[in-house]
Amino acid sequence: MKLREIMSEQVVRIHPEENVAVAARMLDRYNVGILPVMGHDGRIKGVVTDRDIVTRCLASGKTPEQTTVGEIMTGKIIAVRPDMEVSDAAAIMGAKQIRRLPVMENGKLCGMVSLGDLARRKESNGEAGDALTEISSNLSKR
């Protein structure tokens with residue numbers, strides 16, 4: 001099974017100049033855990049997660065209204081292709097300890113895939129379980 005078959009194609013995005021308070025409201029409003037950070041050229045610059053907001057903004061004493069998404073985003077992203085096998089994406093998630101992956105095609109964001117997307121598919125929920133087990137076991141080693 002290919003990622004194209006299970007990925008979410010409707011992706012909420014944010015610009016790096018937006019403030020963190022806007023990002024937090026978007027995460028809440030759309031019930032997502034990640035926002036791709038997109039430049040004006042349409043290319044992905046990074047991602048911002050609820051965890052980024054807590055650890056890089058709130059915990060470090062920054063004010064969400066006065067801190068930009070670009071200041072706290074994760075700039076180094078791991079992206080996958082829509083024609084990648086679900087099992088390969090699950091292996092990447094487990095090895096890199098990440099729960100969500102941007103899906104890129106021809107240099108453009110075309111979707112997102114999460115462990116939840118894998119788990120919702122009967123054919124791939126074994127891979128989701130394996131990835132989550134690997135993520136959890138790696139976290140317990142810290």
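Lys2 is partly exposed, with a relative accessible area of 33%, where buried means under 20% relative accessible area, exposed over 50%, and partly exposed in between, using a 1.4 Å probe and protein chains only. The model is a predicted one, in which local features need pLDDT of at least 70 and side-chain atom pairs count only at pLDDT 80 or more, while totals for chains, interfaces and linings use all residues. Residues are numbered from 1 along each chain as its sequence is written, and side-chain values use heavy atoms, with hydrogens and water left out.

The side chain of Lys2 meets that of Glu85 in a salt bridge, at 2.8 Å from N to O; the term stands for a side-chain nitrogen of Lys or Arg within 4 Å of a carboxyl oxygen of Asp or Glu. Lys2 belongs to the segment before α1 (20-30) and Glu85 to the loop between α3 (69-72) and α4, so this pair ties together parts that are 83 residues apart in sequence. Helices (H or I, at least four residues) and strands (E, at least two) are DSSP runs, numbered from the N terminus.

The whole structure holds 5 salt bridges. Among them is the one between Arg81 and Asp83, with an N to O distance of 3.2 Å; Arg81 is partly exposed at 46%, and Asp83 is partly exposed at 44%. Another links Asp41 with Lys45, whose closest N and O atoms are 3.5 Å apart, and here Asp41 has a relative accessible area of 44%, while that of Lys45 is 38%.

Asp52, in helix α2 (residues 50-58), is by contrast buried, at 6% relative accessibility. Leaving aside residues up to four places away in sequence, Asp52 touches Val47, Cys57, Ile72 and Thr74, a contact being heavy atoms within 4.5 Å.

Helix α4 covers residues 86-96 and includes Ile92, which is partly exposed at 23%. Beyond residues up to four places away in sequence, Ile92 touches Ile78, Val80, Met84, Gln97 and Leu101. Ile92 and Val80 are 12 residues apart in sequence, and their C-alpha atoms are 9.2 Å apart in space.

In soluble globular proteins, nonpolar side chains tend to be buried together.

Finally, the second largest pocket is lined by 15 residues, of which Ser8, Val32, Gly33, Ile34 and Met112 lie nearest its centre. On a 1 Å grid over the protein atoms alone, a pocket is an open set of points with protein on both sides within 12 Å along at least five of seven lines, and lining residues have an atom within 4 Å of a point. β1 (34-38), β4 (108-114) and α5 (115-120) each supply at least two lining residues, with β4 giving the most, 3 residues.

Key. On a 1 Å grid over the protein atoms alone, a cavity is a set of points where a 1.4 Å probe fits but cannot get out, and a pocket is an open set with protein on both sides within 12 Å along at least five of seven lines; lining residues have an atom within 4 Å of a point.
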